[in-house]
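Dear colleague,

I am handing over the structure below, and my notes on it follow directly after. Please read them with the coordinates open beside you.

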Amino acid sequence: NQGQCGSCYAFSSMGMIEARIRIKTNNTQKPILSPQDVVSCSNLAQGCDGGFPFLIAGRYGQDYGLAPEDCLPYTGVDSSCPTETCGRIYTASYRYVGGHYGACNEALMRLALVNNGPMSVSFEVYDDFEVYHGGIYKRTILFGGSENFFEVTNHAVLLVGYGVDKPTGEKYWIVKNSWGEDWGEQGYFRIRRGTDEASIE
């Protein structure tokens, strides 16, 4: 649970790398990586004021490496980077789905998910999402504000799967949030797929 710290980008990035390492090693390696290391030590993000998963899972992981959780446990506050050194896991070969920012779509996301495993994605959290309890999320405009047709995003999450609701035929993504297991569907949510719902695609 990220708590009051705007560290969603760190949680989604660490979750993606953890899952992909498990997949690549056939579950022989199961690292738990430290979001706090990213919050406290990365000069590519703004600590509890946010950041971009592409820069963390990609560039920070490649240039500086990612620390294990037991070396720097999560506190959810901005703090100085500790001087003791942690063992690091390094990433390589990072890129946007579709090759560049804004080029992804539902089909490319499904392909990347199947071929590579869970991925960090961003979307726009609207007021109605904060009261989500279950089901397939579709944004309503009942909670105020006007429609914004720009691709604005303000929250990073971990895309883990997709499916189709049998009774309605509605397509959805399965996504892990960083707001704790008491939120949504045991910490996860489903969101409409194929319509770029809340700019998630």
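**Contact between the two domains**

Between domain 1 and domain 2 the count of salt bridges is zero, although six residue pairs, both members at pLDDT 80 or more, are in polar contact across the two domains. Please keep in mind that this is a predicted model; the chain averages a pLDDT of 90, and 94% of the residues score at least 70.

The domain assignment places domain 1 at residues 1-94 and domain 2 at residues 106-199, and their centres, taken over C-alpha atoms, are separated by 22 Å. The contact draws 13 residues from domain 1 and 13 residues from domain 2.

The size of an interface is often given as the accessible area lost when the parts come together. By that account, domain 1 and domain 2 bury about 990 Å² between them, with 63% of this area on carbon and sulfur atoms. Within domain 1, the residues that lose the most area to domain 2 are Cys 8, Ser 12 and Arg 20, which together make up 41% of what that side buries. Helix α1 (residues 8-24) gives the most to the side of domain 1 that touches domain 2, contributing 10 residues, and by class that side has seven nonpolar, five polar and one charged residues.

**Salt bridges and confidence**

The structure as a whole holds eight salt bridges. One of them pairs Asp 37 with Arg 88, where the closest N and O atoms are 2.9 Å apart; this pair links distant parts of the chain, since Asp 37 lies in helix α2 (residues 35-41) and Arg 88 in the loop between α3 and α4 (106-116), 51 residues apart.

As for confidence among the elements of the chain, the lowest mean pLDDT, 87, belongs to helix α3 (residues 53-63), whereas the highest, 98, belongs to strand β4 (residues 171-176).

With best regards

Technical notes
Residues numbered from 1 in each chain as written. Predicted model: local features only at pLDDT ≥ 70, side-chain atom pairs only at ≥ 80, totals over all residues. Heavy atoms only, no water. Domains from an automatic or database assignment. Contact = heavy atoms within 4.5 Å. Buried area = accessible area lost by both parts, 1.4 Å probe. Salt bridge = Lys/Arg side-chain N within 4 Å of Asp/Glu carboxyl O. Polar contact = N/O pair within 3.5 Å; in protein donor to acceptor, adjacent residues only side chain to side chain. Helix = DSSP H or I, 4+ residues; strand = E, 2+ residues; numbered from the N terminus. Nonpolar A, V, L, I, M, F, W, Y, C, P; charged D, E, K, R; others polar. pLDDT = per-residue confidence, 0-100.
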